[in-house]
Amino acid sequence: MITYFLLFDPFGYAISPVSLVSVSLAAWVYMRGLVRSARIRGTVSMWRQALFLAGLTCILAATNAPLASLGHSLFSVHQVEHLLLRLAGPLLFAVSQPWRLLQAGLNRRWRRYLGALGKSFAFRFLAHPVTATAALITSLFIWQIPVLYGLAQRIAAIEVFAHFAMVLAGIWYFGMLFDPRDPPEGARRGARLISGFAVIVSNIFLGSLTTLKEVSLYASYQTAGTGFLDPLSDETMGGYTIWVPSSMLMIAAIILVMNGWNAAEVRRWNSRYELVRGSNSAALEFPETAEELGSLHKSDVIVRLARTLREHFRFQSDFWSLRAL
């Protein structure tokens, strides 16, 4: 009975009810938060909404026909599914920064529960760059083990669990990577860059092994025939998908992290300048860029400092003159 329940899939590979329900629920919560947030903070930019919907579309495309059906016949197509679930969809999802909108779409009890959970030690541990990176890499490697790959191909419940784990690991990782907060609330910018390179190295390692191997490892686990493509060529194409497109997506993510780092430095400098405005000594802190050095002599800071120094030396001169008398 248990075996029958695990193997039973009324919709086949064409439709995934779990993904349809999950994506619909996420979209509903997001739209609800969008309406609530518009009353207080104004509308959210269209590009952010488009990125969020594009991320959900990637998840739907990977778990439903035609990719889902072809993924049980072709190893290469199955790796395209993993690319969409683990990297492309979560990346678009996280870049849209939907967290406040999703939180606003929940009821008050859930918001309080998530707020308390966010302050817990377990949450901080899981949000650490090392933990988030390890989870993402593990979600790739563990389901490439031939035995586990075969189980996920044959048992619908395990396949759903594998896909769900990939999506969660991807969203968790890219949420850490694109967190706009500075340390200590957010991860250190340097650690984010290092984690991105670590993911690229893992993609290159596994992708190159799968591409350059000379024997077929997964053909016996496919539930349908490959037809027009021999197993070794199919697995070579799948390894290339793990190797190159996945690494290109991570390079794009690293560029976005560097852009966020630059924006954070600009905010930090601007906030410090606002604090020291009007102070002659503090305004002459060591400039950090050539632009600041070039604009310094054009401002009235030098004039105010010269006037202050002139008055100071004049006071000192009068003081010592009077003392000599």
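What is the mean pLDDT of the protein chain, and what share of its residues reach 70 or more? In this predicted model, the mean pLDDT (the predictor's confidence in each residue, from 0 to 100) is 82, and 76% of the residues reach 70 or more. Residues are numbered from 1 along each chain as its sequence is written, and side-chain values use heavy atoms, with hydrogens and water left out. Local features need pLDDT of at least 70 and side-chain atom pairs count only at pLDDT 80 or more, while totals for chains, interfaces and linings use all residues.

Two stretches call for some care. Over residues 1–8 pLDDT stays under 50, and the model has 5 contacts (heavy atoms within 4.5 Å) beyond four places in sequence for them. Residues 280–284 also have pLDDT under 50, with 12 contacts beyond four places in sequence. Where pLDDT is low, the predicted coordinates should not be read in detail.

Helix H5 (residues 75–95) packs against helix H11 (residues 156–177) at an angle of about 35 degrees, with the axes 8 Å apart; axes are lines fitted to C-alpha atoms over the stretch in contact, and angles run from 0 to 180 degrees between N-to-C directions. The crossing of H5 with H11 is right-handed, meaning that the near helix is turned clockwise from the far one by less than a right angle. From H5, the residues that meet H11 include His78, Leu85, Leu91 and Phe93, and their partners in H11 include His163, Val167, Ile171 and Phe174. By class, this contact of H5 with H11 has 10 nonpolar, 5 polar and 3 charged residues; here Ala, Val, Leu, Ile, Met, Phe, Trp, Tyr, Cys and Pro count as nonpolar, Asp, Glu, Lys and Arg as charged, and the others, Gly among them, as polar.

H11 also packs with H12, at an angle of about 145 degrees and with axes 10 Å apart. Tyr173, Met176 and Leu177 of H11 make this contact with Arg192, Ser195, Gly196 and Val199 of H12. In the loop between H11 and H12 lies Pro184, and the peptide bond from Pro183 to Pro184 is cis, with omega near 5 degrees. Another cis peptide bond runs from Ala65 to Pro66, again with omega near 5 degrees; Pro66 lies in the loop between H3 and helix H4 (67–71).

Gln97, in the loop between H5 and helix H6 (99–105), has phi near 50 degrees, a positive value in a residue other than glycine. Gln97 is also one of the residues nearest the centre of the second largest pocket, together with Phe178, Pro180, Leu256 and Gly260. That pocket is lined by 17 residues, divided into 8 nonpolar, 4 polar and 5 charged. Helix H13 (231–276) is among the helices that supply at least two lining residues, and H13 gives the largest share, 6 residues.

Definitions and conventions: On a 1 Å grid over the protein atoms alone, a cavity is a set of points where a 1.4 Å probe fits but cannot get out, and a pocket is an open set with protein on both sides within 12 Å along at least five of seven lines; lining residues have an atom within 4 Å of a point. Helices (H or I, at least four residues) and strands (E, at least two) are DSSP runs, numbered from the N terminus.
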